[in-house]
Amino acid sequence: MPRTDLLRGTLDLLILRALTLEPNHGLGVARRVEQLTEGAFQVNPGSLFPALHRLEQKGWLTSEWGASAMNRKAKYYKLTSAGRRQLKAEAANWGRISVAITRALRPVEGV
Amino acid sequence: MTSRLRHFFRNLLRRGRVERELADEIDGAVDLLIEEKVAQGMSRDDARRAARLEIGGVDPVKEDVRDVRAGASLDALRQHVRFGVRALIRRPGFSIVAILTLGVGMGATTAMFSLIDSVLLKPLPFREPGRLTMVWEARPRLNAPRMEAAPLNYVDWQQQAQSFDSLAAYINNFSSLTGVGTPERLVAAQVTPNLLPTLGVNPLLGRWFAAPEGVPGHTAVAILSYGLWQRRFGGDRGIVGRTIRLDGEPYVVVGVMPRTFQFPREGVQVWTPVDIVAGWGVRSRTTFYLYVVGRLKPNVSLEQANAELGAVSKRLAQTYRANTDASAFAVPLQQELARTARTSFLLLLAAAALVLLIACANVAGLLVTRGAERDREFAVRTALGGSRMQLLRQLLVEGVLLSSGGAVVGVLLATRTFDVLQTLVPESLRGAVGPTLDLRLLTMAFVAVMITGLVFGLVPLRHVLKMDLRTPLNARTTGGAAGRRRAQAMLVATEVALAVVVLFSTGLMIRTIVNLQAVDPGFRPENVLTANLSLTATDYPTAESQIAFYREVLDRVRRLPGVVSAGFTTFHPYTVRIGAGPIRVEGRPDPGNGSNVGIIRYVTPDYLHTIGVPLVSGRGFSDQDAGKPGVALVSERVAAFVDANPIGKRVNFGSGWLTVVGVVGDIKGEGIEVPNTRGTVYAPAAQLDVTGFFSPRALAIRTTSNPTALAAAVRREIWALNPDQTINDMRTLESLVDGQLADRKTQTGLFTAFAGLALFMAALGVYGLLSFVVTSRTRELGVRAAMGAQRRDLVSLVARDSAVWVGCGLAGGLALSTIVSRTMTSLIYGVTPLDWMSLTTSTCVLCTAAGVAALVPVWRATRVDPAAVLRAE
């Protein structure tokens, strides 16, 4: 499986997506992204945590301390309504871009 | 946005908590990862290792998170500053030397900047000062490229020149204030009624003059300065409308000027109006004494105004024979007022900037030699995960910290010099402007801090960028010492070159002072006491009563012990430039072009003898001249155009025909540096009906010893005659002569101070360089000594390269000096810009200083103990 380094914007998008169902802690978000992309993307903690903090500062996530599955203290991130709007906008944007890129990369007929 | 702001403040104010939470979060994530791996069947130890590997180090992750935080750059800066301060404190010797060095350089520069800013850059305190100009006459045939205006020419300019909204004129004079307490002589100005509207300044109280005022017969009016109003009238707002007595005449006060208004000269206390034509009744185009200020119309440029003045002058030259070679030109007022100061100020600033540059080079040199130690530190920090960008930022912050420290010291030093600098402000501006500690100065200091800080910060940059991590960590000896020695040697060579330039310029200034002091003023100023007595028209209405008073004063003064002789004249040398006029010779038409203009002085018989003007031929005045046909003495320059054999010829300069009875020496009464002083004519006051402007009021007393000891006795004698008599400016004639050199002495003093600093810092640089050479080559020296090298060899090994570099700097400095000195031609007197004596002296002084600085390190090189060095290996 190729491991792709995520562009920052894509990572933000995936993080927002990973938190749509339920709040999660940092490692949980990473695992959820891997799961959602069927392992295509492995999230490096070195970019995950800065991204979480950045999104929180932008007001798209909020956080609170809770207990993890192993009964350890963990910081849980939750999508805010602003975050949801952002996800929607970004997803639509991504859709347009991916369609455009797919079209651009379509093999030329007759070649 | 609000969210970001909230986080920003939280990050800033609740740092501890934010950090704790971050640690908890990351540690928690690591623990979870371990648990996950254990659950997958790894052993706990393996899981821990794998987790660490996956996370890639807890601290870098934290660092990355910190970087995205709101206010991260501020945070990083704070850290850099804290670290920088710690680094500076850890090396107090280095820091203190660096900060003091920079402080001295910055102090010199900011002080000079404050002076230049206040005099040359800040707008004058008038309305739209950019449109104000002075207007001058030029008379090439009189060797006078720039002269006060003749009254009738001013009147014509005023009527014909359309480029100006208004043209105003004034003269400086003095008035005696009587009738309120002690009599006092006031610094005064007689001005045309439109002067103040031209400048665009409103009175604090009352009004300015209105047009018919100044015409004889109209009520006499006066305007007071703020200082006079406060001091003599207690700031009474009812002063407007009251009558005061000036020179014994009643004047109605119509206004009071604001505190800051000091035009046309420092300390002016009273203004009176004059109508040039009706008021003075002057009809002259050959006496030049009016200062003319013009306000350009809004859309007229200086060039257009000058073109028009040229055209007007041409018309006047065709109409009046006296004007054949006359022209007129306008100069911006600010440039005019600062004219004499401009070159010297810019040169002083340049000298100060050189001192700052030398200081920078010095500190840079310190940083280079310190680089070895820093390299190891940087290598360690890089190895621990610091990025080169971070190191770079750290260096810049440290540079700026050093220069900020320097700036604080510098600004403090600069403020201590303001009193001295104030004396360099041209008299016409003094009081109105002056160096102050203000926002502009602080801004300038800040700019200097940033520039010098960046320079230092970047000195070690090359090393950081090219640094091979392993070398400094492995090597026990200093890495790249040779390269560093070369870098420092280049800096020292630069310092030497710059120091030579400052030394050489100072040499020229000192030689100029020496030359000026050697200029023969044409009289003997030592042991002469001078004073000014203004006789009021009410106390002494006639020439006879004045002459009687002078005689009595002289009789009483001569009787004082220690007095050799005493006399009166119109004005003392150097005090007043005006009081000149055409001298007609009997039987010859007046050339009418002003070529026969001389300075006119009315004296009592003993005056010339008292100040020591030599009699060249004929006879001097005597008491027997009184009541006989008029006689005159002419100075050699006047004699030259009167006749080859002037004695017996008759001349007229406004007091009827006078017979020349003798020729006396010329005096440099207009200024010691004025190259072609005009000649002087003297007439005995007792023969002529002289009152008013030309009346002899300047008293000179020659004594056998210290003349100031006599001051009290002289005052007593005069007041015994008339207790209301004003006695002003009691000082020695020597001090009047010295006053001619006062500005230059201050300038030269500053130059000398800068030269001393430059020399000291260059010497410090040489010392630092050689010390570093010795330290970094101790091992080599020890080995060579062990192999039998003689002391001479060791000295040569240490000093040869440095000597070459210092020599290069010296040569460069001398070359630079020859270029720089050309800009000084207007400031020097009696020396050529390539004065060999200054060149030699500065070379010698510099070599001596370098030699002395080299002594200690070189001595240390010869004392290297081979055994100790080898043991240390």
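# Briefing: chains A and B

Helix α2 of chain A is followed by Glu38(A), which has a positive phi, near 50°; helices (H or I, at least four residues) and strands (E, at least two) are DSSP runs numbered from the N terminus. The model is a predicted one, in which local features need pLDDT of at least 70 and side-chain atom pairs count only at pLDDT 80 or more, while totals for chains, interfaces and linings use all residues. Residues are numbered from 1 along each chain as its sequence is written, and chains are lettered from A, with ligands numbered from 1, in the order in which they are written.

**Chain A**

- Chain A contains four helices and three strands, arranged from the N terminus as α-β-α-α-β-β-α.
- Of its 111 residues, 35% count as buried (20 or more other C-beta atoms, placed from the backbone, within 10 Å of the residue's own; 12 or fewer is exposed, and in between is partly exposed).
- Helix α2(A) spans residues 26-36, and its buried residues include Gly26(A), Leu27(A), Val29(A) and Arg32(A).
- Among chain A contacts between residues at least 6 apart in sequence, 48% join residues at least 24 apart; a contact requires C-beta atoms, placed from the backbone, within 7 Å.

**Where chain A meets chain B**

- The contact draws 17 residues from chain A and 22 residues from chain B.
- On the side of chain A that touches chain B, two or more residues come from each of α2, α3 (45-57) and β3 (73-79) of chain A.
- Helix α3(A) gives the most to this side, with seven residues.
- By class, this side of chain A has six nonpolar, six polar and five charged residues (Ala, Val, Leu, Ile, Met, Phe, Trp, Tyr, Cys and Pro are nonpolar, Asp, Glu, Lys and Arg charged, and the others, Gly among them, polar).

**Chain B as a whole**

- Chain B has 29 helices and 23 strands, and 43% of its 873 residues count as buried.
- Among chain B contacts between residues at least 6 apart in sequence, 83% join residues at least 24 apart.

**Helices α6 and α14 of chain B**

- Helix α6(B) (residues 92-121) packs against helix α14(B) (residues 388-416) at an angle of about 50°, with axes 6 Å apart; axes are lines fitted to C-alpha atoms over the stretch in contact, and angles run from 0 to 180 degrees between N-to-C directions.
- The angle therefore makes α6(B) oblique to α14(B); under 35 degrees is roughly parallel, over 145 roughly antiparallel, 65 to 115 roughly perpendicular, and the rest oblique.
- The crossing is right-handed, meaning that the near helix is turned clockwise from the far one by less than a right angle.
- The residues of this contact divide into 13 nonpolar, eight polar and no charged.

**Helices α27 and α28 of chain B**

- Helix α27(B) (residues 791-820) and helix α28(B) (residues 836-862) pack at about 155°, their axes 10 Å apart, and are therefore roughly antiparallel.
- Their crossing is right-handed.
- The contact includes Arg791(B), Leu794(B) and Val798(B) of α27(B), and Leu839(B), Thr843(B) and Leu846(B) of α28(B).
- Its residues divide into 13 nonpolar, three polar and one charged.

**Ile718 of chain B**

- Ile718(B) lies in helix α23(B) (residues 711-721) and is buried, with 21 other C-beta atoms within 10 Å.
- Leaving aside residues up to four places away in sequence, Ile718(B) touches Leu533(B), Val553(B), Gln725(B) and Ile727(B).
- The C-alpha atoms of Ile718(B) and Glu552(B) are separated by 8.9 Å, although the two residues are 166 residues apart along the chain.

Technical notes: Contact = placed C-beta atoms within 7 Å.
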